[in-house]
Amino acid sequence: MVKTASTMLPLGTVAPDFRLPDATGKMYALADFQSAPALLVIFMCNHCPFMKHIASGLAELTREYQARGVAVVGINANDYRLFPDDAPEKMLEEIRVRGYTFPYLIDESQEVAKAYHAACTPDFFLFDKERKLVYRGQMDGSRPGNDVPVTGSDLRAALEAVLEGRPVSSDQKPSLGCNIKWKPGNEPSYFG
């Protein structure tokens, strides 16, 4: 495990397009969510201790905000050939065990992760109605072993601001997690 922080993609960045399959082969594209008042893109995986730590809280938070119209998409960009716990069949199991209600997509080429400058799992990107980036960073200050409860406070504050039409605070702390498991030779240049 390599502890890695978000790259903190510049606020105002327009959501990069994507068209990716879920673990059953059903395709999802950015355009499928165009009517939603906000879009939350989460780069995530199954095996990372940081993801396991927040999984229940994330499932609860995303259900709550999906009920309020927010579109949520999880994307697994890890090289699952080297990390079989992140393989599609394990993703289906993770959806069932965690109770995720959002599409959990496979970025096998890792091109979407690169387009978003994703660095770690979890890595959160919140876009407003115009699909401009208004928040990127941590769900909250909880980490494995730090005894801070998983509340989703940072992400919740950003979601509330977007839904209420208020500006999101620019005081944003990077997410921290396991590095994305890049395919050999595929590590993006933004780490350079």
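**View 1. Helices α1 and α4 cross at roughly 5°.** The axes of α1 (residues 49-66) and α4 (residues 153-163) come within 12 Å; axes are lines fitted to C-alpha atoms, for helices over the stretch in contact, with angles from 0 to 180 degrees between N-to-C directions. The two helices are therefore roughly parallel to each other (angles under 35 degrees). Contact (heavy atoms within 4.5 Å) involves Glu 60, Leu 61, Glu 64 and Tyr 65 of α1, and Leu 155, Arg 156, Leu 159, Glu 160 and Leu 163 of α4. Helices (H or I, at least four residues) and strands (E, at least two) are DSSP runs, numbered from the N terminus. The model is predicted: local features need pLDDT of at least 70, side-chain atom pairs count only at pLDDT 80 or more, and totals for chains, interfaces and linings use all residues. Residues are numbered from 1 along each chain as its sequence is written, and side-chain values use heavy atoms, with hydrogens and water left out.

**View 2. Five strands form an open sheet in the order β6-β5-β4-β8-β9.** Pairing in this sheet is mixed; two strands pair if DSSP finds at least two bridges between them. β6 (104-106) and β9 (133-137) each have a single partner strand, so one side of each edge strand lacks a neighbour in the sheet. Neighbouring strands are turned by 20° against each other on average, direction ignored.

**View 3. Strands β4 and β8 pair in the antiparallel sense.** Five bridges join β4 (residues 39-43) to β8 (residues 123-127). Phe 43 has Asp 123 of β8 as its bridge partner.

**View 4. Helix α2 packs on the sheet.** Residues 88-98 make up α2, which touches β5 (71-76) and β6. The direction of α2 makes about 170° with that of β6.

How values were computed. Parallel < 35°, antiparallel > 145°, perpendicular 65-115°, else oblique.
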